[in-house]
Amino acid sequence: MLRTTLVQHIREQEKLNPNATGMFTNLMYEILVAAKFVSLEVNKAGIGESIFGLTGEINVHGEEVQKLDRYANETFIKTVGNSGSVCAITSEESEKPVIIDPESAGNYVFMMDPLDGSSNIDVNVSIGTIFSIYRKISPGKEVKDEDLLQKGSAQVAAGYIVYGSSTMMVYSSGDGVHGFTLDPTLGEFFLSHPYIRIPNRGSTYSINEGNQEDWDENQQNLVNYLKKKDSLTQRPYKLRYIGSLVSDFHRTLLKGGIFMYPGDKKNPNGKLRLAYEANPLAFIVGIAGGKASDGNSRILDIAPSDIHQQTPLYIGSAGEVELAEKLLATTNAGN
Ligand code: AFP
């Protein structure tokens, strides 16, 4: 049986847009190439010394940089940066945006978390890359703040790659969310999950409950509500937390439920980054029929003021995200 490759699928999607120039297809192709390089290194991590462990550096968010973090960051910057499709790249691992020479720049802005969940590398837990694509909106060749600080609702496409028991790429450019699995023998991604829809309700919640004492009362009540036994509302929910956002999100997208990383006393805006984590996953979940909120309002409506800013995140099935927003706005919930 002939299977659909990711590149064929992207070309088909491009045909839906009569103004397409091929630049977007080209960009997606280069993302794929970088993903294959990173997938190969992730699968080899632990074999040999060179790519395993810490670099000794601390990134812009105060986190220890793994060698694979640096490898993934450099690989995506080099591959996507040379594609001729982008004018700027921002990355969770790079303090400043990478601005491409105008002579070889394209019309897109690429944002990424090159290796999300990298503190899990040493223990063989799935990690991933998250990316987001915007159009350059300012006139002329110069890249301006307005190009780098767009609302998530302006995304042209977003996706993620899970380096797990198999390597999968999930992306959307607006017409459905589609998943592709890497066939390592052919080095090709094949369509395995067309038109993914998230269930309207799920049975799991996902949160770092070790932070409970730092949450405000409403957040505590929300989690207590999810844990309380009540057969009528099919509670308690099951707790599932990997600590690698791509993996926790991927499970939530396929099975339903809610993933939460709230603000707390230590980090009022939570831990996750708006541009590199929340926005791309919010774009995907929205197209799959789910929701993403900061607890009050839509993630995609947040107007960023800094490329590295953080946000609380509640993401998943529409039913559970609406429930979370309702309980977060209610004092003394939790029954
Ligand atoms: P690392 O990349 O440092 O492993 O952080 C992963 C992450 O950004 C995201 O993937 C997880 O959902 C979240 O942090 C886990 O954070 P906690 O360790 O605070 O639960």
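Reader: Which helix gives the most to the lining of the largest cavity, and with how many residues?
Author: Helix α7 (residues 274–287) gives the most, with three residues. Helices (H or I, at least four residues) and strands (E, at least two) are DSSP runs, numbered from the N terminus. This is a predicted model, in which local features need pLDDT of at least 70, side-chain atom pairs count only at pLDDT 80 or more, and totals for chains, interfaces and linings use all residues. Residues are numbered from 1 along each chain as its sequence is written, and side-chain values use heavy atoms, with hydrogens and water left out.

Reader: What makes this space a cavity and not a pocket?
Author: On a 1 Å grid over the protein atoms alone, a cavity is a set of points where a 1.4 Å probe fits but cannot get out, whereas a pocket is an open set with protein on both sides within 12 Å along at least five of seven lines; lining residues have an atom within 4 Å of a point. One cavity of 30 Å³ or more is found in a search of the whole structure, and the largest cavity has a volume of about 60 Å³. A volume is the space filled by probe spheres set on the grid points, which are joined across faces, edges and corners. The lining of the largest cavity includes M111, Y134, L274, D306 and I307.

Reader: How is the lining of the largest cavity divided by class?
Author: It has eight nonpolar, two polar and one charged residues. Ala, Val, Leu, Ile, Met, Phe, Trp, Tyr, Cys and Pro count as nonpolar, Asp, Glu, Lys and Arg as charged, and the others, Gly among them, as polar.

Reader: What is the volume of the second largest pocket, and which residues lie nearest its centre?
Author: About 370 Å³ of space lies in this pocket. Its lining has 18 residues, with N17, F24, Y108, R135 and V156 nearest the centre. Helices α1 (6–15) and α2 are the elements that give two or more residues to this lining, and the largest share, three residues, comes from α1.

Reader: Why is S138 called buried?
Author: Buried means under 20% relative accessible area, exposed over 50%, and partly exposed in between (1.4 Å probe, protein chains only). S138 has a relative accessible area of 6%, so this residue is buried. S138 is placed in the loop between β6 (127–135) and α4 (145–148).

Reader: How do you know that the side chains of S138 and K136 make a polar contact?
Author: A polar contact is a pair of N or O atoms within 3.5 Å; within protein, one must be able to donate a hydrogen and the other to accept it, and residues adjacent in sequence count only if both atoms are side-chain atoms. The side chains of S138 and K136 are joined at 2.8 Å, and the side chain of S138 reaches the backbone oxygen of E142 at 3.5 Å. Apart from neighbours within four places in sequence, S138 is in contact (heavy atoms within 4.5 Å) with K144, E146 and D147.

Reader: Why are N124 and Q234 called exposed?
Author: N124 has a relative accessible area of 73% and is therefore exposed. Q234, at 68%, is likewise exposed.

Reader: What makes a set of residues a nonpolar core, and which residues have the most contacts inside the largest one?
Author: A nonpolar core is a set of buried Ala, Val, Leu, Ile, Met, Phe, Trp, Tyr and Cys residues joined through side-chain atoms within 4.5 Å. The largest has 37 residues, and I31, F76, F110, F131, I133 and M169 have the most contacts inside it. Helix α2 (residues 23–44) gives the most to this core, with nine residues. A second, separate core of 30 residues includes M168, L281, A282 and V285.

Reader: Which residue caps the N-terminal end of α5?
Author: D216 does, with a side-chain oxygen 3.2 Å from the backbone nitrogen of N218. Within α5 (residues 217–227), the buried residues include N218, L222 and L226. The buried residues of this helix pack against β11 (204–206), β13 (258–261), β15 (313–316) and α8 (318–328).
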